[in-house]
Amino acid sequence: MYRRSTAAAVLLAAALTLTACGSGGDGKGDAEAAKPKPPASSSVPDPADASAAPAPPDAKPTGPVLPDAKLTPKTGSFKANEKQYLSGRVPEKMDPAAVLQTGQESCQRVERTAKRDKDAATGAIVAGEIPGAKDAITYLCPEQKPILDAASKGFPDGTRPSPAAGTYRALTQATTCSWEAKGKDGAVLASGPEAPVKAGDKITAAIPAGTATFTSTGCYAWIPA
């Protein structure tokens with residue numbers, strides 16, 4: 001009986017292992033390939049960015065938070081700007097230093113990316129790929145405000161209702177980027193690119209007045225041209 005139970009356990013473990021191996025890559029490669037690509041100059045990401053999770057909005061916790069009087073590190077002290085960043089942001093029973101570190105890491109990502117390519121840094125903020133970038137830059141790395149200001153005027157790939165008329169530039173050099181502007185009646189007012197895109201080409205979209213929806217695919221993010 002012991003031998004049969006042991007053999008059965010071994011077979012079950014082997015089956016589970018094979019199932020996990022077989023399903024681990026299914027669809028993942030296709031999903032990654034379908035994502036809009038950032039500017040070509042940032043095609044080699046910083047290793048520290050590889051495991052970054054999708055960015056949550058810059059919202060503060062909805063539950064109980066530490067009062068400002070208790071925002072103190074285990075050793076040393078916080079600077080005035082760090083306290084401003086942490087105010088209303090640290091959940092109860094959580095180390096304020098850990099929350100501060102999250103903001104500092106967001107600043108570091110913006111700084112590293114901007115050194116390689118400012119468009120890539122702007123696009124990453126627009127696309128929501130850098131957690132809490134707005135508040136992190138405002139309080140912890142204000143020298144990056146030009147990047148934040150540029151991002152605040154943009155919008156991510158996808159469908160945008162009632163966009164402001166004007167000319168916009170896609171923060172990508174992917175040749176698969178395409179866009180379409182429609183009026184309230186669903187009629188296509190403009191679309192592009194007008195000619196096939198080659199690697200390295202800049203892609204722009206002229207959104208006419210009266211556009212009800214602007215939809216783009218594979219364009220990553222847009223900012224005013």
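**Buried salt bridges and nonpolar cores**

With a relative accessible area of 19%, Arg 169 counts as buried, where buried denotes under 20% relative accessible area, exposed over 50%, and partly exposed the range in between, computed with a 1.4 Å probe on protein chains only. The model is a predicted one, in which local features need pLDDT of at least 70 and side-chain atom pairs count only at pLDDT 80 or more, whereas totals for chains, interfaces and linings use all residues. Residues are numbered from 1 along each chain as its sequence is written, and side-chain values use heavy atoms, with hydrogens and water left out.

The structure holds 3 salt bridges, a salt bridge being a side-chain nitrogen of Lys or Arg within 4 Å of a carboxyl oxygen of Asp or Glu. In one of these, Arg 169 is paired with Asp 119, with 2.6 Å between the closest N and O atoms. Asp 119 is partly exposed, at 25% relative accessible area. A salt bridge also joins the side chains of Asp 135 and Arg 89 (2.6 Å, N to O), and this pair links distant parts of the chain, with Asp 135 in helix H6 and Arg 89 in the loop between H3 and H4, 46 residues apart. Asp 135 is buried at 14% relative accessibility, and Arg 89 is likewise buried, at 11%.

The salt bridge between Lys 182 and Glu 180 has its closest N and O atoms 3.8 Å apart; Lys 182 is partly exposed at 31% relative accessibility, as is Glu 180 at 30%. Lys 182 stands opposite Val 188 in E4. Strands E3 (residues 178-182) and E4 (residues 188-192) pair in the antiparallel sense over 4 bridges, pairing being assigned if DSSP finds at least two bridges between two strands. The hairpin of E3 and E4 has 5 residues between the strands, and Gly 186 in this hairpin takes a positive phi near 90°.

The largest nonpolar core comprises 28 residues, and those with the most contacts inside it are Leu 86 and Ile 125; such a core is a set of buried Ala, Val, Leu, Ile, Met, Phe, Trp, Tyr and Cys residues joined through side-chain atoms within 4.5 Å. H4 gives the most to this core, with 5 residues. Because domain 1 (58-152) and domain 2 (154-224) both give residues to the core, it lies between them, the domain bounds coming from an automatic or database domain assignment. Beyond its neighbours up to four places away in sequence, Ile 125 touches residues including Val 110, Ile 137, Ile 147, Leu 148 and Ala 151, contact meaning heavy atoms within 4.5 Å.

In helix H7 (residues 145-152), Ile 147, Leu 148 and Ala 151 are buried. Viewed down the axis of H7, the buried residues fall within an arc of 100°, so they line one face of the helix, the arc being that of the directions from the helix axis to the C-beta atoms. These buried residues pack against helix H4 (96-116), helix H5 (118-126) and H6, while the face turned away from the buried side of H7 carries the exposed residues Pro 146 and Ser 152.

Notes
Helix = DSSP H or I, 4+ residues; strand = E, 2+ residues; numbered from the N terminus.
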